[in-house]
Amino acid sequence: MTAKDQFQRVMNRYLERYAAHDPEGCADLYAETGVILSPYGPPAIGRAAIRDEHAAWFLEGETNKSMIVLDAALDGAAGFCLVAYSADVPGDNGPMRVHGASVNTLTKDKDGDWLIQQTSLNELEHDMTQAFT
């Protein structure tokens, strides 16, 4: 299985938990020392902060989130992936589609499962998936 396939599986599990508004489940996909850097708020460092950040995000009403791994590589128990994301967010005139990208580093835990170590989120004006097709 390619690095892209392996990391897309992680992102798909994340999306399932995100759609269920499960902040604990989302945080469990991160390493204990995981970090989220976001233009939407202060850094979330550690699983508890990542859980709390997700709980706050769920209150904002985002729906229809998608995540596509565009590029990935791994070397043993470490890897990275570039992910394009899109979602619908509430707007003054109804929902509007927003786009962004994240760069993620991942490490394997003692059971051989991939955990996200760092995520750096970036808001974009356009859906970048077309650039990679």
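Mentor: What follows starts with the whole chain, goes into the packing, and then visits single residues.

This is a predicted model, so local features need pLDDT of at least 70, side-chain atom pairs count only at pLDDT 80 or more, and totals for chains, interfaces and linings use all residues. Residues are numbered from 1 along each chain as its sequence is written, and side-chain values use heavy atoms, with hydrogens and water left out.

Take the overall layout. The protein has three helices and six strands. Both are DSSP runs, numbered from the N terminus: helices are H or I with at least four residues, strands are E with at least two. The order from the N terminus is α-α-β-β-α-β-β-β-β.

Now the overall dimensions. A compact globule of 133 residues would have a radius of gyration near 14 Å, and the protein agrees, with 14 Å. That radius is taken over C-alpha atoms, and the globule rule is 2.2 Å times the number of residues to the power 0.38. Along the principal axes, the C-alpha atoms fill a box of roughly 50 × 35 × 25 Å.

Next, burial. Of the 133 residues, 41% count as buried. Buried means under 20% relative accessible area, exposed means over 50%, and partly exposed lies in between (1.4 Å probe, protein chains only). The accessible surface is about 7300 Å², and carbon and sulfur atoms hold 53% of that. Those areas come from the Shrake-Rupley method with a 1.4 Å probe; for residues, only the protein chains shown count as cover.

The 10 positive and 20 negative charges have mean positions 7 Å apart. Lys and Arg count as positive, Asp and Glu as negative; His and the chain ends are not counted. Each charge sits at NZ of Lys, CZ of Arg, CG of Asp or CD of Glu.

Now the part you asked about. In soluble globular proteins, nonpolar side chains tend to be buried together. Here the largest nonpolar core has 26 residues, and Phe7, Met11 and Cys81 have the most contacts inside it. A nonpolar core is a set of buried Ala, Val, Leu, Ile, Met, Phe, Trp, Tyr and Cys residues joined through side-chain atoms within 4.5 Å. Two or more residues come from each of helix 1 (3–19), helix 2 (23–28), strand 1 (30–38), helix 3 (47–59), strand 3 (63–75), strand 4 (78–89) and strand 6 (114–124). Helix 1 gives the most, with seven residues.

Phe7 shows the packing well. Beyond four places in sequence, Phe7 touches Val69, Ala72, Ala73, Leu74, Gly79, Phe80, Cys81, Leu106 and Trp114. Apart from this core lies another, of five residues, including Leu70, Leu82, Ala84 and Ala101.

Contact means heavy atoms within 4.5 Å. Across the protein, 52% of the contacts between residues at least 6 apart in sequence join residues at least 24 apart.

Stay on helix 1. Gln8 is placed there. Gln8 counts as buried, at 18% relative accessibility. Leaving aside neighbours within four places, Gln8 is in contact with Met67, Ile68 and Val69. Pro43, 35 residues away along the chain from Gln8, has its C-alpha 24 Å from that of Gln8.

Arg17 is also in helix 1. At a relative accessible area of 27%, Arg17 is partly exposed. Not counting residues up to four places away, Arg17 touches Asp22, Gly25, Cys26, Asp28 and Leu29. The C-alpha atoms of Arg17 and Ala27 are 9.5 Å apart.

Then comes the loop between helix 1 and helix 2, where His21 sits. His21 is partly exposed, at 40% relative accessibility. Its phi is near 55°, a positive value in a residue other than glycine.

Asn64, in strand 3, has a positive phi as well, near 55°. Asn64 is exposed, with a relative accessible area of 53%.

Asn64 is also a contact of Ser86, along with Lys65, Ser66, Arg97, Val98, His99 and Asp127, once neighbours within four places are set aside. Ser86 lies in strand 4. It is buried, with a relative accessible area of 6%. Its C-alpha is 9.6 Å from that of Glu123, 37 residues away along the chain.

Finish past strand 6, in the segment that holds Ala131. Ala131 counts as exposed, at 65% relative accessibility.
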